[in-house]
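Here's a quick briefing to read with the model open in your viewer.

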Amino acid sequence: MIFSLCAYKIEYFHLTPKTTLDNDTNNDTIINMTGIDDILARMKEDPRNIRFSDLCKVCSHFFGEPRQSGSSHRIYKTPWQGDPRINIQSHKGKAKAYQVKQVLLAIERLEVHHGPEE
């Protein structure tokens, strides 16, 4: 556990073995950086318990920046037409399970046609 006192603000963090911490330029917040492989493993294990921000990291890694992100949905471009489409949205900070499964199918299709990402 780490306690941090920054300008009269106390923050509490519980660290897990795979957690990496990095301070931002103002030293106000600590950002939790999780690897893409770790997120993918969690997506496959339990698609109902994935943070929306983690799903966005994975989608941006494999499909680039979203072509639409100003509304409640983020839409990512794929090299094919039709399904599986990458159209995701947040539900109380979590990703929707069926959308997590669609992203996993799209990544699988991408790897079959273009080889695995390294």
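What follows is a short tour of the overall fold, the helix packing and a few individual residues.

Keep in mind that this is a predicted model. The protein chain has three helices and seven strands, and they come in the order β-β-β-β-α-α-β-β-β-α along the sequence. Of its 118 residues, 29% count as buried. As for how far contacts reach, take those between residues at least 6 apart in sequence: 35% of them join residues at least 24 apart.

**H2 against H3**

- Helix H2 covers residues 52-63 and helix H3 covers residues 97-114; they pack at an angle of about 20°, with axes 11 Å apart.
- That angle is under 35 degrees, so H2 counts as roughly parallel to H3.
- The crossing of H2 past H3 is left-handed.
- On the H2 side, the contact is made by Leu55, Val58, Cys59, Phe62 and Phe63.
- H3 answers with Val100, Val103, Ala106, Ile107, Leu110 and Glu111.
- Sorted by class, the residues of this H2–H3 contact are ten nonpolar, no polar and one charged.

**H1 against H3**

- Helix H1 spans residues 36-45 and packs on H3 at an angle of about 120°, with the axes 10 Å apart.
- That makes H1 oblique to H3.
- H1 and H3 also cross in a left-handed way.
- Leu40, Met43 and Lys44 of H1 meet Val100, Val103, Leu104 and Ile107 of H3.
- The class count for the H1–H3 contact is six nonpolar, no polar and one charged.
- Val100, Val103 and Ile107 of H3 turn up here, and they are also part of the contact with H2.

**H1 against H2**

- The axes of H1 and H2 come within 10 Å and cross at roughly 120°.
- H1 passes H2 in a left-handed crossing.
- From H1, the contact takes in Ile36, Ile39, Leu40, Arg42 and Met43.
- From H2, the contact takes in Asp54, Leu55, Lys57, Val58, His61 and Phe62.
- The residues of the H1–H2 contact split into seven nonpolar, one polar and three charged.
- Leu40 and Met43 of H1 are part of this contact, and they also belong to the H1–H3 contact.
- Likewise, Leu55, Val58 and Phe62 of H2 face H1 here, and they are in the H2–H3 contact as well.

**Aspartate 54**

- Is aspartate 54 buried or exposed? Its relative accessibility is 1%, so aspartate 54 counts as buried.
- Aspartate 54 lies in helix H2.
- The side chain of aspartate 54 makes a polar contact with the side chain of arginine 51, at 3.0 Å.
- Leaving out residues up to four places away in sequence, aspartate 54 touches Ile39 and Arg42, both of which are H1 residues in the H1–H2 contact.

**Threonine 78**

- Threonine 78 is found in the loop between strand S5 (73-76) and S6.
- With a relative accessible area of 16%, threonine 78 is buried.
- What does the side chain of threonine 78 reach? It reaches the backbone oxygen of tryptophan 80, at 2.9 Å.
- Not counting residues up to four places away in sequence, threonine 78 touches Phe63, Pro84 and Ile86.
- Phe63 ties this spot back to the helices, since it is one of the H2 residues in the H2–H3 contact.

**Asparagine 87**

- Asparagine 87 lies in strand S6.
- At a relative accessible area of 32%, asparagine 87 is partly exposed.
- The C-alpha atoms of asparagine 87 and tyrosine 76 are separated by 6.5 Å, with the two residues eleven apart along the chain.
- Beyond residues up to four places away in sequence, asparagine 87 touches His73, Arg74, Ile75 and Gln99.

**Lysine 92**

- Most residues other than glycine have a negative phi.
- Lysine 92 is not a glycine, yet it has a positive phi of about 60°.
- Where is lysine 92 found? Lysine 92 is in the loop between strand S6 (86-91) and strand S7 (94-95).
- Lysine 92 is exposed, with a relative accessible area of 78%.

Definitions and conventions. Residues are numbered from 1 along each chain as its sequence is written. This is a predicted model: local features need pLDDT of at least 70, side-chain atom pairs count only at pLDDT 80 or more; totals for chains, interfaces and linings use all residues. Side-chain values use heavy atoms; hydrogens and water are left out. Axes are lines fitted to C-alpha atoms, for helices over the stretch in contact, and angles run from 0 to 180 degrees between N-to-C directions. Helices (H or I, at least four residues) and strands (E, at least two) are DSSP runs, numbered from the N terminus. Angles under 35 degrees count as roughly parallel, over 145 as roughly antiparallel, 65 to 115 as roughly perpendicular and the rest as oblique. A crossing is left-handed if the near helix is turned anticlockwise from the far one by less than a right angle, and right-handed if clockwise. Contact means heavy atoms within 4.5 Å. Ala, Val, Leu, Ile, Met, Phe, Trp, Tyr, Cys and Pro count as nonpolar, Asp, Glu, Lys and Arg as charged, and the others, Gly among them, as polar. Buried means under 20% relative accessible area, exposed over 50%, partly exposed in between (1.4 Å probe, protein chains only). A polar contact is a pair of N or O atoms within 3.5 Å; within protein, one must be able to donate a hydrogen and the other to accept it, and residues adjacent in sequence count only if both atoms are side-chain atoms.
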